Amino acid sequence: MGTAGKLEHQASTRKMLSQQSSSDSVERQKRCGAWAEKWIAVMYTVVASLGYVSVGTMVAWSCNAFSKLHDSDAQRFGQLELTDVEELTQNQKTSLAATPALAAAVTSVVTYKLFYRVGTKLFMLTAATLMIGANFLLTFGSSFWFFSAGRILAGIGAGITVTLVPPYVDEFGSKQYKPLLDSILYVQFALGILVQLMSDLLPFTELASVVGTTFPIFLFIGFLFLPESARYLCGTQQVNRARSVLKRTHVANDALAAQIMENSLAQWQQPAVVGCKLVSGLRKAQNPRLVAPVLMLVVFQQFVGGLPMMFYLSRIFTLTDGQYTPEWTAIYVAAIFAGAIPAWRLVNLKIGDYKLLVWSGLVMAGSMAVLGWHCHRQAIEGHSDEYGHVPLVCYGLFIFLYAIGFQRLPWKWLDNGVEDERAFPVRTVATCISWTSLYLCVRILPFLIGLIGVGWVFWNITIVLVFAVLFVLLTVPNLDQSDIQSKTLANCSSSSSSVSNMQIVMEDVV
């Protein structure tokens, strides 16, 4: 009996070790699968975000083009050799800067309406082609109308990109690394600004144009190999193709991930989703007390001046004076803009998004107030090397906080607060509002600088920032403590309950 019991105990032990080893093997396979699929999603996002680099170069071209139209030493840069520069009015000069924003706003609505007829892939190939054509016109154009045509084409390409790339990226994988994918988009946009500003220092227009054209060319080539949008495939009844696309970036042996994927496929096939109009999607959103204030925050996002002033950086830093040349000050600011979000993710401070937006807005207001004081003092006392670092320090702090706060958080709250079936139309409406507001700001800014001076413009931005912070405190729910359920949690809870129900049913069957 003792020998039999000992053998039985040994067999039981071996069985337990075998089960544990099998379980560990399954866990390792899951981790390896999740790692591989995460980096496939990152690779897809990097390729798709090349469109955002091109949008950044569009903004930075406007910044430099506008400043060189006012620069009597423009031939030093070998750019903008217009035959009728002296005949351009102030309105025409401003139009060259602002027109792409209006074109992008209109294009976002048109893109949404035609989405299920064209698809993401063909739209993005068209956007890349338009951006290449825009660079050609901006390089070899010889009059205001050539430049206007190029800017309109660039704006149309930008409108397609900012409308379709974010939802396309959202399809790629788990919500747990969505912040990483979103950060890639923001960094690529800022990188486009930096690259264009640096390439403008090259001695020949053609060299700068080659640099700017490289990104839409690679975008075109990349989208030839990227898969079609799963949302579009479901809307056109190609569900099996959509499932095979999603399996590339979803953990295949994870029941919860698989259930979330199936839920998404089912939602995207619904007629209410495919045929949803923009106004209807906005009206039927389940969190109106969040969506309405966040849409207003999208307006504040532009009127606080972070992005509109990017269109005029050279002229602005010419007026602020400073230790460095306007061109290099603009480059340093763009470098801070590009590095802000990676630096913030690296520091990884445990601070809530709501608190971050409030405090960053207040510090931004303070930096603009100090910069306004600096400009006022320079106007009275003249140039002083003692305070030459103030423009770069103040504006660098302002753009850093703008990147991690007002640029990022309204879109994050919109994504988390709107249910999946309404996310695409609501985000399209927000995109149209954002670029329309940007157009208004870019049109108004030169007029305000000429009317009241750049120092008073900075003080006005201070006032707008204070109002924006008050608006957040009074109307936006504190999502760090709110009972509003995020889309991610809702998806996970519904999917986990579905998986649990399936397991219970299987146990009952057995």
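Helix axes here are lines fitted to C-alpha atoms over the stretch in contact, and angles run from 0 to 180 degrees between N-to-C directions. Helices are DSSP runs (H or I, at least four residues) numbered from the N terminus. The model is predicted: local features need pLDDT of at least 70, side-chain atom pairs count only at pLDDT 80 or more, and totals for chains, interfaces and linings use all residues. Residues are numbered from 1 along each chain as its sequence is written, and side-chain values use heavy atoms, with hydrogens and water left out.

**View A. Packing of helices α13 and α18.** Helix α13 (residues 288-303) packs against helix α18 (residues 409-417) at about 160°, and their axes are 9 Å apart. The two helices are therefore roughly antiparallel, a term for angles over 145 degrees. The crossing of α13 and α18 is left-handed (the near helix is turned anticlockwise from the far one by less than a right angle).

**View B. Packing of helices α16 and α20.** The axes of helix α16 (residues 353-381) and helix α20 (residues 454-475) come within 8 Å and cross at roughly 165°. That makes α16 roughly antiparallel to α20. Their crossing is left-handed. The contact of α16 with α20 has 20 nonpolar, 5 polar and no charged residues; Ala, Val, Leu, Ile, Met, Phe, Trp, Tyr, Cys and Pro count as nonpolar, Asp, Glu, Lys and Arg as charged, and the others, Gly among them, as polar.

**View C. The largest pocket.** The largest pocket holds about 1000 Å³ of space. A pocket is an open set of points on a 1 Å grid over the protein atoms alone where a 1.4 Å probe fits, with protein on both sides within 12 Å along at least five of seven lines; lining residues have an atom within 4 Å of a point. The volume is the space filled by probe spheres set on the points, which are joined across faces, edges and corners. Of its 44 lining residues, Asp 182, Ser 183, Tyr 186, Arg 408 and Lys 412 are the closest to the centre. Helix α6 (residues 178-199) gives the largest share of the lining, 8 residues. By class, the lining has 22 nonpolar, 11 polar and 11 charged residues.

Key:
Parallel < 35°, antiparallel > 145°, perpendicular 65-115°, else oblique.
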